[in-house]
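Student: Could you take me through how to read helix burial, nonpolar cores and helix packing in a model such as this one?

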Amino acid sequence: MGLLYLGTPLAWDDAKKYADHVRNHGITQFLHIWDRLKDRHGDELLWGDELEYMVISFDDQQKNAKLSLRQTEILEKLNAIVDDICADCPENVSVPKFHPEYGRYMLESTPGSPYTGSIPDLLSVESNMRYRRTLARKHLKPNEVPLTFTSFPRLGVPGQFTEPGYDPMNAVSSHSLFLPEQITNPHARFPTLTANIRTRRGSKVAINLPVFFDEKTPKPFIDPTIPWDRNIYPEDPEAKNGAALPDHVYLDAMGFGMGCCCLQLTFQACNVADARRLYDGLIPIGPILLALTAASPAWRGYLTDVDCRWNVIAGSVDDRTDEERGLKELKNNRFRIPKSRYDSVDLYLSPEWMNRPEYNDTEVPFDTEIYDRLRKHGLDELLSKHIAHLFIRDPLVVFSETIDQDDASSSDHFENIQSTNWQTLRFKPPPPNSSIGWRVEFRSMEVQLTDFENAAFSIFVVLLSRAILYFNLNFYVPISKVDENMQRAQKRDAARSGKFYFRKDVYPSDRSATNSVASFYSGRSSPLDGSIPKQKKLLNCFTPPGPPVNGELKVPIKDEYEEMTMDEIINGKGENFPGLLRLVSAYLDTLEIEPEALAKIEQYLDLVRRRANGSLETTATWIRNFVRSHPRYEFDSVISQEINYDLLAAVDEIERGARREPTFLPEDYTGGSKDQGSIGL
């Protein structure tokens, strides 16, 4: 999460003095990268995942599952172990890496080196993830378990929910009514980030999630666990003065959002143009996979009427002032900003003709001076506007030791702002003095309970990314509809009962009106008919889309998309819309894959298929049903200490394969106890 310097972070009143300095030099740094690497071409597919865990400490006597705050100690031990393993590794084996995250109870893991486009690498993802979990588990205390679990259900409840326990009265950076200071990673960046967001905003963050009204939930619901009359920090009266809404679960600190776990993927593109095409192609997919991976219905000890984390994180880092949020007239700030700096993407980026100007149909404030500077330097309109939009934000953490940098060899000022624009997709320039190319990061998915699921969604997205580029697929819908989809994706049971705006005809316009994958190939050579040799690995350099046969087609935008169910988007809608899985299958037909390997890939894709058609529950639905069927649940929306303990114990049992859940996972799922993973040692 961002840049971790060893240095002295400045408090907001000092840091804001350097905002223009950071922005100006950040743009200079980006332009140095652009000048050196804008024509870079031919990079192979390299990709990887970031998988986050929360470490749970089980107290069997008290039946209390708590968050273990031993991140620093655990990481020191794991990194020492990794170094020892690396010392004896063959050159072709890379040991996974572990990293700190915002929450002191969190771990992040990544593969030791990126995956390539080879089929063996594709099939190694689950085993690599299992190896990481096994490695972490082996070096925790006997009562500690690393769970890939999105949101801890009792984070911020009265009583002890961390190990060791602390009092929220000492929350000196967040001033939270619920979360103690010790919940946060002790590195100076994190408490400073927390405090500076609160100070810049002029109040605490305020997130309100609608409570899930069960049979005995009080109406109206006024949360009795909020310390309404606490009087320690200046912001303490905010809750009773309207920040905490009736019939909602109120959250008031960065830790509620940045303390969530997720699954993120990053892909290296062949060149900057392909990176922009892939970025655009995945933008409409973000909310679809958010809904399909939904995993967080429980917050601060209550069941809520949402299934996903996204709006919680967006609210938890919302540093916009009253003026920027449109609550007051602009006087001290420069822009009215419609969204938090953690939110869905605002602009499509590709300069290809398929990206019609009408698709970028939302209000996107941008810094005109930065925009003009980029345009004068030779950048096109869309990329200039994208960068100038990101740079309306202030840098939230400035280290005194890094204020002055060599702009030709550093990108730290650029990344200071780039990396704190947390959107569903991130367009990532190459780092200076690195072999890494232009990249796209896919950021919307919720982490799943098992490595099988996390591997399945990772493999689905990487194959879909290849299909987008290989077939020049067109998923464009207006950004306003993507935004609407993001809100729909978070509703309870959205994957099964919701509808989403999606493009009706996704084929290149020179093949428009096609109604099947087979006819999509008509008139062009294809591996399907044997005229082109099949490829042995996932490629990374693709022919850009040509112009439509009869000139640019101008179908009215509103006629290009319609509302579809999740099942229709993923599995198809008769002969009119193929579904994303059929497009992935068409891409697989271009590859030379052994039957056994293809069968394994189909197992992963079948999980996606069944989550979409409703024959398997989403994680959020399974959690909600577990809580509501617990013998101690009183149908009042409350998740008690014992229910939480049993829930997280069940999650651990599911991951290990000790508990069968046929409505949630395939019957042939093999848990981590039988397969502990491998990295080829």
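**Burial, cores and packing**

Tutor: Keeping in mind that this model is predicted, begin with helix α10, in which Ile285, Gly286, Pro287, Ile288, Leu289, Leu290, Ala291 and Leu292 are buried. Eight of the eight residues of α10 (residues 285–292) are buried, so this helix is largely enclosed by the rest of the structure.

Student: Which residues have the most contacts inside the largest nonpolar core?

Tutor: In soluble globular proteins, nonpolar side chains tend to be buried together. Here the largest nonpolar core has 201 residues, and those with the most contacts inside it are Phe460, Leu463, Phe475, Phe502, Ile570, Leu580 and Trp622. Helix α15 (residues 451–470) supplies the largest share of this core, 14 residues. Apart from this core lies another, of seven residues, among them Phe212, Val627, Tyr633 and Ile643.

Student: What does Leu463 touch, not counting residues up to four places away in sequence?

Tutor: With those sequence neighbours left out, Leu463 touches Leu122, Leu538, Val584, Tyr587, Leu588, Ile601 and Leu605.

Student: At what angle do helices α20 and α21 pack?

Tutor: Two packed helices are described by the angle between their axes and the distance between the axes. Helix α20 (residues 580–588) packs with helix α21 (residues 595–613) at an angle of about 170°, their axes lying 11 Å apart. Because angles over 145 degrees count as roughly antiparallel, α20 is roughly antiparallel to α21. The contact is made by Leu581, Val584 and Leu588 of α20, together with Leu598, Ile601, Glu602, Leu605 and Arg609 of α21; by class, this contact has six nonpolar, no polar and two charged residues.

Note on methods
Residues are numbered from 1 along each chain as its sequence is written. This is a predicted model: local features need pLDDT of at least 70, side-chain atom pairs count only at pLDDT 80 or more; totals for chains, interfaces and linings use all residues. Side-chain values use heavy atoms; hydrogens and water are left out. Axes are lines fitted to C-alpha atoms, for helices over the stretch in contact, and angles run from 0 to 180 degrees between N-to-C directions. Helices (H or I, at least four residues) and strands (E, at least two) are DSSP runs, numbered from the N terminus. Angles under 35 degrees count as roughly parallel, over 145 as roughly antiparallel, 65 to 115 as roughly perpendicular and the rest as oblique. Contact means heavy atoms within 4.5 Å. Ala, Val, Leu, Ile, Met, Phe, Trp, Tyr, Cys and Pro count as nonpolar, Asp, Glu, Lys and Arg as charged, and the others, Gly among them, as polar. A nonpolar core is a set of buried Ala, Val, Leu, Ile, Met, Phe, Trp, Tyr and Cys residues joined through side-chain atoms within 4.5 Å. Buried means under 20% relative accessible area, exposed over 50%, partly exposed in between (1.4 Å probe, protein chains only).
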